[in-house]
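The entries follow in the order I took them.

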Amino acid sequence: MRKGSSKMDQKLVEEIRKMPNDVDNISKITEKIINDLKSKRYPIPIVSIMKKLDFIVGKQKLEDDLSGYIVINDEIEKKFGKKKMICVNSNDSWGHQRFTIAHELAHYLFDYNTKKPEFYNTYRTTDVNNDIEIRANKFAANLLMPEKEFEQQYNKYYNDIDLYAKLEEYFQVSRRAIDRRIIELGLN
Ligand SMILES: [Zn+2]
């Protein structure tokens with residue numbers, strides 16, 4: 001890795017942690033992350049974003065309803081050389097895995113107490129939707145499918161019989177995520 005780049009990314013994380021992070025402000029935060037990317041092409045490179053933040057991104061066979069988890073502790077560092085890891089369920093589609101990674105990134109930015117040495121959080125699709133989970137899902141949707149870009153692509157393929165497939169391919173997310181985003185943005 002380029003010397004100093006990790007410092008820059010840490011600066012971005014610190015700036016984000018100072019921003020208001022209620023649900024209504026989430027898109028300002030995801031915009032900031034996207035603006036910081038060198039390439040403005042889609043799909044959003046969620047794995048490279050995590051690697052820049054010094055995460056290990058892994059895949060593992062997990063129980064069916066467990067999409068993934070984030071873990072930060074010394075044990076991980078001893079085992080893998082890095083303290084922070086996000087793991088996704090290898091049984092899930094790539095689109096859903098990407099959403100899981102973005103969801104856990106939200107927990108890292110907003111819910112991880114940096115004063116404590118350890119953090120662990122799991123993501124289940126069956127999770128009760130409390131405020132923290134709603135925020136993490138909103139963050140993931142906004143990061144992977146920013147409103148303006150999503151509307152543009154939606155309008156572009158609106159009359160296409162393969163609308164959903166086109167959007168899935170462009171944003172590299174699951175059909176379910178596309179479905180929710182369409183409803184969320186009032187496009188249907
Ligand atoms: Zn969560």
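For sorting lining residues, I count Ala, Val, Leu, Ile, Met, Phe, Trp, Tyr, Cys and Pro as nonpolar, Asp, Glu, Lys and Arg as charged, and the others, Gly among them, as polar.

Source notes. The model is predicted, so I note that local features need pLDDT of at least 70 and side-chain atom pairs count only at pLDDT 80 or more, while totals for chains, interfaces and linings use all residues. Residues are numbered from 1 along each chain as its sequence is written, and side-chain values use heavy atoms, with hydrogens and water left out.

Entry 1, the cavity. On a 1 Å grid over the protein atoms alone, a cavity is a set of points where a 1.4 Å probe fits but cannot get out; a pocket is an open set with protein on both sides within 12 Å along at least five of seven lines; lining residues have an atom within 4 Å of a point. Points are joined across faces, edges and corners, and a volume is the space filled by probe spheres set on the points. I found 1 cavity of 30 Å³ or more. The largest cavity has a volume of about 100 Å³. Its lining divides into 9 nonpolar, no polar and 3 charged residues; among the lining residues are Asp 9, Asp 36, Lys 52, Leu 105 and Leu 109. I took helices (H or I, at least four residues) and strands (E, at least two) as DSSP runs, numbered from the N terminus. Helices H1 (5-18), H2 (26-36), H3 (46-52) and H5 each supply at least two residues of this lining, and H1 has the largest share, with 4.

A nonpolar core here is a set of buried Ala, Val, Leu, Ile, Met, Phe, Trp, Tyr and Cys residues joined through side-chain atoms within 4.5 Å. Buried means under 20% relative accessible area, exposed over 50%, partly exposed in between (1.4 Å probe, protein chains only). The largest core has 49 residues, and those touching the most other members include Leu 105, Leu 109, Phe 139 and Met 145. Helix H5 (residues 94-110) gives the most to this core, 8 residues. Domain 1 (5-144) and domain 2 (145-188) each contribute at least three residues; these bounds come from an automatic or database domain assignment. Contact means heavy atoms within 4.5 Å. Beyond four places in sequence, Met 145 touches Phe 150, Phe 171, Val 173, Ala 177, Ile 178 and Arg 181. I also noted a second, separate core of 8 residues, including Ile 56 and Cys 87.

Of its 18 lining residues, the closest to the centre are Phe 99, Tyr 123, Asn 137, Arg 176 and Arg 180. Helix H9 (175-184) gives the largest share of the lining, 5 residues. I sorted the lining into 6 nonpolar, 5 polar and 7 charged. Why does the largest pocket lie between the domains? Domain 1 and domain 2 both give residues to its lining, so it lies between them.

Glu 31, Pro 146, Glu 147, Lys 148 and Glu 149 are the closest to its centre, of 13 lining residues. H2 gives the largest share, 5 residues.

Is His 103 buried or exposed? His 103 is buried, with a relative accessible area of 0%. This residue is in helix H5. Leaving aside neighbours within four places in sequence, His 103 contacts Tyr 123, Glu 133, Ala 136, Asn 137 and Ala 140.
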